[in-house]
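Please read the following report beside the sequence and the model.

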Amino acid sequence: MKTEIRHPGSFAVARCHLDGGETLRVEAGAMYATSAGVQLHAKVEGGLLRGLARSALGGESLFTTRYTAPDGGGWVDVAHHLPGDVQAAEVRSGSALMLTRGSWIASSEGVDIVTKWGGMSNLIGSEGGFLIKAQGDGVVVLGCYGAMDVITLADGQQVVVDSGHLVAYDETVKSNLRRAVEGKTVQSLKSGEGLVFEFTGPGRIMTQTRNPGALILHLTEVLPFERA
């Protein structure tokens, strides 16, 4: 599969070019156009229990849709549900990519999407404790809120990322959740940052310049409704 990012920026679209008979897995509701002849089939990937785990724990839809190109090939356009960048990331055998809730849009046939326990740090960091693990050999299409940055860490190199701005990271990267001001809860709250992830390389870290959680809080404050 070859991926072309169209309209890069706030309203980016990924056009996934497929060879004849090639299949693309897409998050429910993420497709907005296909070339003629592309066939689609919605199903619960990996069986009901695995689909429920991906939905309830990983923040993705219960159903995924498979798009299969006709003999002459075709394309599928996919987009994220929030305004922001879309990016294609390679996944290779033995080097999985860990995705935060809601960032997976689509993936090529050779990539397996599973739900994985991310540890108590992710639970405390408002990621629900579970991550989506993209493993295998192929391409994953990711979406974010705002612009996407990719930070490549050398072995032992570190970076600190606000918990609400994380999109994905390589499985080779070690993570540690801590207060923004180490050891000082009140100071961390005063800073407006709260909790941050400290990552240690080697590997990639993908971040978003806007925080979806902050958007929800803002809308809750200005619109006449209450969060459940």
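## Basis of the description

This is a predicted model, in which local features need pLDDT of at least 70 and side-chain atom pairs count only at pLDDT 80 or more, while totals for chains, interfaces and linings use all residues. Residues are numbered from 1 along each chain as its sequence is written, and side-chain values use heavy atoms, with hydrogens and water left out.

## An open sheet of four strands

In the order S1-S2-S7-S4, 4 strands form an open sheet with antiparallel pairing; strands here are DSSP runs (E, at least two residues), numbered from the N terminus, and two of them pair if DSSP finds at least two bridges between them. Strand S1 (2–6) and strand S4 (31–34) are the edge strands, each of which pairs on one side only. From one strand to the next the twist averages 25°, where axes are lines fitted to C-alpha atoms and angles run from 0 to 180 degrees between N-to-C directions.

Between S1 and strand S2 (residues 13–18) there are 5 bridges in the antiparallel sense. Within this pairing, Glu4 has Arg15 of S2 as its bridge partner.

## Arg15 and its surroundings

The side chain of Arg15 takes part in a salt bridge with Asp77 (2.8 Å, N to O), a term that requires a side-chain nitrogen of Lys or Arg within 4 Å of a carboxyl oxygen of Asp or Glu. This pair links distant parts of the chain, since Asp77 belongs to strand S7 (residues 74–78) and Arg15 to strand S2, 62 residues apart. Both Asp77 and Arg15 are buried, that is, under 20% relative accessible area, whereas exposed means over 50% and partly exposed lies in between (1.4 Å probe, protein chains only).

Arg15 also lies over the face of Trp75, at 3.6 Å from the ring centre; the rule for such a placement is that NZ of Lys or CZ of Arg is within 6 Å of the ring centre and within 35 degrees of the ring normal.

## Other salt bridges

Side chains of opposite charge can pair when their charged atoms come close. The count in this model comes to 9 salt bridges. One of them joins Glu109 and Arg25, with the closest N and O atoms 3.8 Å apart. Because Glu109 lies in the loop between strand S10 (104–108) and strand S11 (111–117) and Arg25 in strand S3 (residues 23–27), the pair ties together parts that are 84 residues apart in sequence. Glu109 is partly exposed, with a relative accessible area of 34%, whereas Arg25 counts as buried at 11% relative accessibility.

Another salt bridge brings together the side chains of Glu90 and Arg92 (3.1 Å, N to O). Glu90 is partly exposed at 48% relative accessibility, and Arg92 is partly exposed with a relative accessible area of 37%.

## Aromatic pairs

The whole structure contains 2 aromatic pairs, defined for rings of Phe, Tyr and Trp (its six-membered ring) whose centres lie within 6.5 Å, with planes under 30 degrees apart counted as stacked, over 60 as edge-to-face and the rest as tilted. The rings of Tyr169 and Phe199 have centres 5.3 Å apart and planes at 45°, so this pair is tilted. Tyr169 in strand S16 (residues 166–170) and Phe199 in strand S18 (residues 195–200) are 30 residues apart, and their pair links distant parts of the chain.

Phe197 and Phe199 have ring centres 5.7 Å apart and planes at 25°, so they are stacked. Phe197 counts as buried at 1% relative accessibility, and Phe199 counts as buried at 0%. Tyr169 is buried too, and Tyr169, Phe197 and Phe199 form one aromatic cluster.
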